[in-house]
Amino acid sequence: MSSGFDIIVVGGGHAGCEAALAAARMGCETLLFNINLDSIALMSCNPAIGGLAKGQLVKEVDALGGEMGRIADRTAVHFRLLNASKGPAVQSSRVQCDKQLYRLAMKATLEREPRLRLRQSLVDSLVVEDGRVRGVVDELGIFYGARAVIITTGTFLNGLIHIGTTRVPAGRAGETASVRLADCLRSLGFEMGRMKTGTPPRLRASTIDFSRLERQDSDPHPRPFSFTTQRLREERLPSYFSYTTSETHEIMRANIGESALYSGRIRGVSARYCPSLEDKVMRFTDKDRHPVVLEHEGLETEEIYAKGLGNSLPPHLQERIVHSVPGLEEAQIMRFAYAIEYDFVQPTQLRPTLETKLVQGLYLAGQINGTSGYEEAAAQGLWAGINAACAVSGRPPFLLTRADAYMAVMVDDLITRGVDEPYRMFTSRAEYRLILREDNALFRLAGMGHELGLIDAETAALVKERQRRIWAVIGRLSNARLYPVGEINDLLAGMGTAPLKTPSSLFQILKREGLSYDDLRPLPGWEPVEDEEVKRQVEIEAKYEGYIKRQREAVEKLRDQEGKRIPPDLDYDTVAGLSNELRMKLKRVRPETVAQAGRIPGMTGAALTAVLIAIKRLERAPVSTAPPDETCID
């Protein structure tokens, strides 16, 4: 039907939206397919954005010009800074959004993008010629040509919903599964697996006794996700806490055979870090209760998301389970919980750009790569969209190291280690998390976003100017010397901090626990700073200076290893000193750098040395200048 597209994106979830917007904004004629245009950016599970380590991903997507943070700010009804009492490296923002407002706002954003077209249709297959993708064919048999294709199908590949003994082919409740596309990928030779996730019941708010529950209100002065957000919504909705009971656990144990998960009907692998209620009751027998969190799905709906009650039991048992929880004795279920299993592609088959090694021009992003979570999907979608646009326009690929961004940590983990369960981002996965904080994502990445054409010049200049002011304030504090004299020590005593014994700078005094920038006001050399973000960055740099310095030194060593490339044609079968297991892993992953090779599970120092020796031998090998053997020419 059309061969005029630069990039086609298959799937309109969080990965697909970011991929399509990035590609279009970088100048590519882009087409986005979704089975149902009314479910674009639909939050299939909890309508929340952010969370531990996930908030960092959202901030990075925003700093590169992505959309998730902006829409979350516009539609959020509950704000929370997690780990607020801990250090800045592990603090993460989380918001509860109005589910329908988020979907509509993202759809409107897509519709307004000039180079982006939307099409409601199910993509059935890929057209591949000579190892390169040429386009897609939809369920009506219509061919759409493109120079690159990005698949972001979420849980729709061979999706199968389980509620007790009932099994329904679906990508999520009420929507068609993508079976033929899954078959197409398998026929192309991709190694695929099966994973499982699920969603809890939705309850009717007017039937819940909230007076028996613990209430948690939104943070009073939240920070937005996006640097473009000038004003947040004034409407706020609380969350509520309850717990399962001994009755809950007795019902579960007595009827565990009716669980789709425990009866053996589900083959997909579940995530250990986000267990279903069945798993929590059966695996953690020492626990006599588990938390249940009730969160509103929106301002104009009675639906309540019952986090902690996810299961795959039949409806009559779900009713009993819900009614066994304090405050939910009379609660009506509006949507039953269910488990869903789906196909994914083992991500070790991807290049660092998220392009597949098997088919040139084909990119994968989101849950198809074995990940879980809206934020992980959005970051991959942005990454794939940028790289597809770079490839189409002849630009160098967009690549970051583990020292640059959380999203780079995730991509490297996926392509180097692969997955054996749904992958979720944690702060512990990032070795350099002290310099990959939420609060400095803009300073780390906005310049790159501007180079890509996703951040405008005015914004990039503002970010650069703010950075200049931060370092100017640090310089001024470092140069302001104080001496251990009576007048200074009296001022320090009045501030509730210890006297000086040796000369110190204002910057050194700011390192002291409990002191903020404005607390230094009485001391000579202090000057007012109006920008709260500048003050915050100065305080972090002061209090964590030693730790930050050590991490930056470690980053320089990493960059040396990342710069050491491994020839793509290195024959690992000829590398002496490798075990058969490591040889197989190296051949499967095909690491592009020595640093990436070192992160392959099971890699030893001796094996890495063997690889380095093989690289040096290749570099020293003479290049033949002899004429070709004429007997080999037709």
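Predicted model: local features only at pLDDT ≥ 70, side-chain atom pairs only at ≥ 80, totals over all residues.
Let's start with the cysteines. A disulfide is a covalent bond between the sulfur atoms of two cysteines. Searching the whole structure for such bonds turns up 0 disulfides. Take C17 as an example: C97 supplies the nearest cysteine sulfur, and that sulfur is 14 Å away. Since a disulfide requires two cysteine sulfur atoms within 2.5 Å, C17 is in no disulfide. C17 is buried, because its relative accessible area is 0%, under the 20% cut-off. C184 also counts as buried, with 11% relative accessibility.

Now turn to two helices, α9 (residues 374–393) and α10 (residues 406–417). Their axes come within 10 Å and cross at roughly 85°, so α9 is roughly perpendicular to α10. Where they meet, α9 contributes E376, A379, Q380, L382 and W383, while α10 brings M407, A408, M410, V411 and L414.

Our last stop is S504, which you will find in strand β22 (residues 504–505). Is S504 buried or exposed? With a relative accessible area of 12%, S504 is buried. Its side chain has a polar atom 3.3 Å from the backbone oxygen of T502. Looking past the neighbours within four places in sequence, S504 is in contact with A480, R481, L482 and I509.

Notes. Residues numbered from 1 in each chain as written. Heavy atoms only, no water. Buried < 20%, exposed > 50% of the residue type's maximum accessible area, 1.4 Å probe, protein only. Axes fitted to C-alpha atoms, helices over the stretch in contact; angles between N-to-C directions. Helix = DSSP H or I, 4+ residues; strand = E, 2+ residues; numbered from the N terminus. Parallel < 35°, antiparallel > 145°, perpendicular 65-115°, else oblique. Contact = heavy atoms within 4.5 Å. Polar contact = N/O pair within 3.5 Å; in protein donor to acceptor, adjacent residues only side chain to side chain.
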